[in-house]
Amino acid sequence: MDTKLHDLLSEAITPNTFVSLILSHSRRPLEVMKAKLRPILLKGAPMIQAERFCGKQVFHANMTYEETLTYLEKELEETFMQAEITELTRSHTILISKKGTVTVKTRHLKPNASGMVNATANAAQALNNLSHNKTKSYILPEGTPVPYLVELGVMTPQGRVVHARYDKFRQINRFLEFIRDVVPYLPTDRQVRILDFGCGRSYLTFAVYDYLKYHIGLDVHILGLDLKQSVIEDCSALAKKLHYDDLEFRCGDVADYAEVDAIDLMITLHACDLATDYALAYAVSRNARVILSVPCCQHELNKQIRCDALSIPFSYGLIKERTAALFTDSIRASVLSAFGYEAQILEFIDTEHTPKNILIRAMKQDNTPAQPDAKKLQEVRDLCAFLGVEPTLLKLLGVEASEA
């Protein structure tokens, strides 16, 4: 594609300025006549919707801004010979000859007496009231720079969310909603002790620390654990740079880490397979008041399940795999319930962003040990016997899955 055209599209197709685009003069009019593009909000994220007119039919597709650039380059090379782009303060006409010569005409739109550009005043209002979804009120608002998000590359220094990191921005806000909901279960008369197993680059660890300490006003200490030394070093350096004095990071394995005697909040996000079970057992054994766990890669039960009653659905590998994952997390939540927690299974983030969207939230009023509920444990054993499985979490908590 012509370099100047590529640069123009990259500059014009941005969330803050783009209003509309019309592709016309099709090289294949019997297949497709024209296409219209407009900005939308889809579940809180800025997207672009393309309407493609093919005969009497209209086909719709939703794309990110990055995907739209690729889409336009392909369409202008293969299908359409003209494009009309409207921004808030400019319009562009792109003409492509049969030989491929590109001509671009740009017109700067003049503001009216109220300071709005006549041709785009309505479109500007539309940008602020996109019809697909109402703008979501985030705990961390857009447009206000958050130091740790700037350092982690989610925001620009001016507070704009980086397009490619918008999913991460939504994920952080969603997780902070869960944190906000469990604040009443955290102590206020002493320092809150938080452990984050498998913290990784620690987007959410930094978010939780900043939110609880500076938004809620709690005295908190967070320890983030991960197996990668380089990750720990990077996170430690950032915590020091931000003067987050009670946020520390260490190398540690959830399966054998034993240095913390008591915790109030245990976080584990996308801990793979049995790592989630070790983290949950760790939290229960230390009487954590709150557990927030997003499991990942639940393979254990898929390998174990032997159930004649479900032989038909389990004869399909995909069905068995997904069902086993759901059974795994159901058993985990039920075990936590048996050990005195109010356990829930909630949607963490929309499945269009990640299939790993289940969050186990477990809470109790204090951090005193609870005697397991015999009836609830027996219900879990009955389910395990039906499925022919012996979950690791039961073993770690000293419960025999096959006990009568």
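A: First the term: a salt bridge here is a side-chain nitrogen of Lys or Arg within 4 Å of a carboxyl oxygen of Asp or Glu. Also keep in mind that this is a predicted model.

Q: Fine. How many salt bridges does the count come to?

A: The count comes to 13 salt bridges. One of them joins the side chains of lysine 241 and glutamate 151, at 3.1 Å from N to O.

Q: What does aspartate 181 meet in a salt bridge?

A: The side chain of aspartate 181 meets that of arginine 361, with 3.5 Å from N to O. Aspartate 181 belongs to helix H5 (residues 166–182) and arginine 361 to strand E14 (residues 358–363), so this pair ties together parts 180 residues apart in sequence.

Q: Which side of that pair is buried, and which is partly exposed?

A: Arginine 361 counts as buried, because its relative accessibility is 10% and the cut-off for buried is under 20%. Aspartate 181 has 41% and counts as partly exposed.

Q: What about glutamate 248, what does its side chain meet?

A: Glutamate 248 forms a salt bridge with arginine 250, at 3.2 Å from N to O. Glutamate 248 is partly exposed at 26% relative accessibility, and arginine 250 is partly exposed at 31%.

Q: Which residues do salt bridges with shared partners join into one network?

A: Glu11, Glu87 and Arg90 are joined into one network that way.

Q: What lines the largest cavity?

A: The lining is made of Asp277, Glu300, Leu301, Thr328, Ile331, Arg332, Pro391 and Leu393. By class, that is four nonpolar residues, one polar and three charged.

Q: Which helices supply at least two residues of that lining?

A: Helix H9 (300–304) and helix H11 (317–338) each do. H11 gives the most, with three residues.

Q: Now the surface. Which residues form a nonpolar patch there?

A: Ile312, Tyr316 and Ile319 form a nonpolar patch, and together they have about 340 Å² of accessible area.

Q: Where is tyrosine 316 placed?

A: Tyrosine 316 sits in the loop between helix H10 (311–314) and H11. It is exposed, with a relative accessible area of 53%.

Q: Why does 53% count as exposed for tyrosine 316?

A: Tyrosine 316 has 53% relative accessible area, and exposed means over 50%, so the residue falls in that class.

Q: Last one: where does threonine 268 lie?

A: Threonine 268 lies in strand E11, residues 265–272. Its relative accessibility is 0%, so threonine 268 counts as buried.

Q: How far apart are threonine 268 and isoleucine 291 in sequence and in space?

A: Threonine 268 and isoleucine 291 are 23 residues apart in sequence, and their C-alpha atoms are 8.2 Å apart in space.

Note on methods
Residues numbered from 1 in each chain as written. Predicted model: local features only at pLDDT ≥ 70, side-chain atom pairs only at ≥ 80, totals over all residues. Heavy atoms only, no water. 1 Å grid on protein atoms, 1.4 Å probe; cavity = no way out; pocket = protein on both sides within 12 Å on 5 of 7 lines; lining within 4 Å. Helix = DSSP H or I, 4+ residues; strand = E, 2+ residues; numbered from the N terminus. Nonpolar A, V, L, I, M, F, W, Y, C, P; charged D, E, K, R; others polar. Buried < 20%, exposed > 50% of the residue type's maximum accessible area, 1.4 Å probe, protein only. Patch = residues over 30% accessible without salt bridge, like charges linked within 9 Å, V, L, I, M, F, W, Y side chains within 5 Å. Areas by Shrake-Rupley, 256 points an atom, 1.4 Å probe, with all protein chains shown as cover.
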